[in-house]
Amino acid sequence: MSSLEPWRNIVLACVVIAPLLSLVPSVAPAFVLFLVSVLTFVVLTQAWNIMTGYCGYFFLGGATFYGIGAYIMALSPYLPYHLNILLAGSISAACAFALGIPFLRIRGPYFAIATFTSGELVKNVVYYLEHELARTTGRYLASQEISLVYYTILGIAIAATLVSYGVRNSKFGLGLFSIKENEDAAESTGVNTTLYKLYAFSLCAFFTGATGAAVVARFGYIDAWVAFDSTYSMYPVVMGFFGGAGTVMGPILGAAILRSIFEVFFGGRDPYPFGIALGVLIIVSRMLLPLGLTGIKSSLSRFSKRTALARS
Amino acid sequence: MGDYISSTLDLALQLVLSGLVLGLLYALLASGLSLLYGAARVINLAQGQALMLGAYITFWLFLLFNLNPIISIVLAGSICALVGASTYFILFRPAIKRAESMAAFEFTSLILTFGLVLVLENSSALLWGAAPKTFSFMTEIYSFFGLYLTGNRLVTLLGSLILVVGLQLFIRKTRTGKATTYTIEESDAARIVGVNIDRTFLFSVMIGFATAAVAGTFYSMFYVTSPFIGTFYTLTAWVVIILGGVGSVVGCIVGGLILGMLETVGVFFLSPAMKVAINYTVLIIILFIRPRGLFTR
């Protein structure tokens, strides 16, 4: 386990950057949409990180909970926006707790495949129910002011970051890291691995579902393909590893940088060159920086050690 | 009444035959992945994208040079085997060398092949457009014993069968094949007794990509090809492996046939829209019951 991150990074992120970000709608309204998109992926990656970066279970099913959250928002139109988000997060977390009992018995690569498949399965089943049985595609929902969505998602991002920091520095977090290192050994040293994994999974689902609910209000319309888009499963993985899995700052850096590149260079334009560039970036960053951006120092020192060895 | 029974029986047999074609196609697609994951521990997310590539190669060779898709089997297989070999030398080998353990490499391989998925899908969309492509080859219907099958499906049935059985014989009889089996079963011991691990890995990666490409050739004969068909086939290949066990070609045949039958029957009685859902449900249910796959120790 790497050393704990210094407080000042987190304090910097939450106390300095967050108020600055909260000024954006009044100072530079043109950036609001862009920042909503970035912050969405900050939360998704932060949530993913708890399951994969801390607990070591390769989670590839963000779309499942994002979509559940989005549908809760669409299905309960009479609740206040924020209450709805809370409800969506809670239901996602409850689903994760229930689903986690069979899912978290699956170890190694099959967990990744099973969670990814679950998102695709739910998407197809929801589509089938809506399209073939109810004869409707998608549904409309009350759309919210973009600045309200922005403040909400900013709040969720800060909450997710603080929770992630809290978890990382707690006994619970230590338990998760021990599961990542060696699950059987963790069990035998008295960590209730089943319960810990379920908590981590539920926490991950809570933030993912809440984000789905908060963000979908921006669109005013959803269907199964939008809500359960596999992008929400895949990109957090990419962003998390790019930034540095298992750290608090890594997901923020990874999501902010990669999503900014997407928005600046390719937003609304031909997506294929971006797809190729993203694929290459994933491969290159994994080959050159296996620990991600936050691990850049140790990667460099390892590299220089190796070249020094090679020279001697 | 007699008519009714015979038509029900015919229907059942017809479904079994369709399931057989699909099942053997799946077996072929998965057998390479099974060796690839078994030996080199590559969690290949790009297996379906290799199928897509094989399908496009076949389509373009047919359109531009009027090349018989049966010849394309060899060409698509070889081209994708080369793609696999370059992937091995550029990505997998350096990553394996650097990884602390093969378990750590599994994580890395998942990310690397995900990058590969994005590159392959978007490149083909950029080059050839997102519009589905299809061609007409051997669409005439053959009938035997009251059952009907189009020519291209007959080719798929026989071709997949020959290739899968051939692969199994290759694994059992040749030196490279035996080395691969040994690596799958006892990786460390294989290294100690002098199996050339590097060559075995290379072989398994090449076979992995080649079988997917050949499955793609068969696929293109009766389905439409588009850049984003891959993910379904990647996951389907994993369903087959989870059904049949890692590293076993015979397991893939069994798993492929089970899945092919289930899918055919399910689609017939429910809806073609459920094709994807059926395969995914099978995967989830099996992993719920047996978290390490159906036939693993």
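In the hairpin formed by β1(B) and β2(B), two residues lie between the strands, and B:F145 takes a positive phi near 50°. The structure is a predicted model, in which local features need pLDDT of at least 70, side-chain atom pairs count only at pLDDT 80 or more, and totals for chains, interfaces and linings use all residues. Residues are numbered from 1 along each chain as its sequence is written, while chains are lettered from A and ligands numbered from 1 in the order in which they are written. Helices (H or I, at least four residues) and strands (E, at least two) are DSSP runs, numbered from the N terminus.

**The hairpin of chain B**

- Strand β1 (residues 141-144) and strand β2 (residues 147-150) of chain B run antiparallel and are joined by four bridges; two strands pair if DSSP finds at least two bridges between them.
- B:F144 has B:L147 as its bridge partner in β2(B).
- B:S143 stands opposite B:Y148 of β2(B).

**Chain A as a whole**

- The secondary structure of chain A consists of 14 helices and two strands.
- For 312 residues, a compact globule would have a radius of gyration near 20 Å, and the 20 Å of chain A agrees; this radius is taken over C-alpha atoms, and the globule rule is 2.2 Å times the number of residues to the power 0.38.
- The C-alpha trace of chain A spans about 70 × 50 × 35 Å along its principal axes.
- Of its 312 residues, 48% count as buried (20 or more other C-beta atoms within 10 Å of the residue's own; exposed means 12 or fewer, partly exposed in between, with C-beta atoms placed from the backbone).
- Among contacts in chain A with a separation of 6 or more, 80% come from residues 24 or more positions apart; a contact requires C-beta atoms, placed from the backbone, to lie within 7 Å.

**Chain B as a whole**

- Chain B has 11 helices and two strands, arranged along the sequence as α-α-α-α-β-β-α-α-α-α-α-α-α.
- Chain B has a radius of gyration of 19 Å, in agreement with the value near 19 Å for a compact globule of 297 residues.
- Along its principal axes, the C-alpha trace of chain B spans about 65 × 45 × 35 Å.
- Buried residues account for 53% of the 297 residues in chain B.

**Where the chains meet**

- In chain A, 31 residues are in contact with 36 residues of chain B.
- On the side of chain A that touches chain B, α5 (109-133), α11 (231-243) and α13 (271-288) each supply at least two residues.
- The largest share of that side, 13 residues, belongs to α5(A).
- The residues of that side comprise 21 nonpolar, five polar and five charged (Ala, Val, Leu, Ile, Met, Phe, Trp, Tyr, Cys and Pro count as nonpolar, Asp, Glu, Lys and Arg as charged, and the others, Gly among them, as polar).

- Leaving aside residues up to four places away in sequence, A:A200 touches A:I50, A:M51, A:Y54, A:C55 and A:L176.
- Helix α9 (residues 193-216) of chain A has 24 residues and reaches 34 Å from its first C-alpha to its last, close to the expected 34 Å, a value given by 1.5 Å times one less than the number of residues.
- Because 20 of its 24 residues are buried, α9(A) is largely enclosed by the rest of the structure.

Terms used. Two residues are in contact if their C-beta atoms, placed from the backbone, lie within 7 Å.
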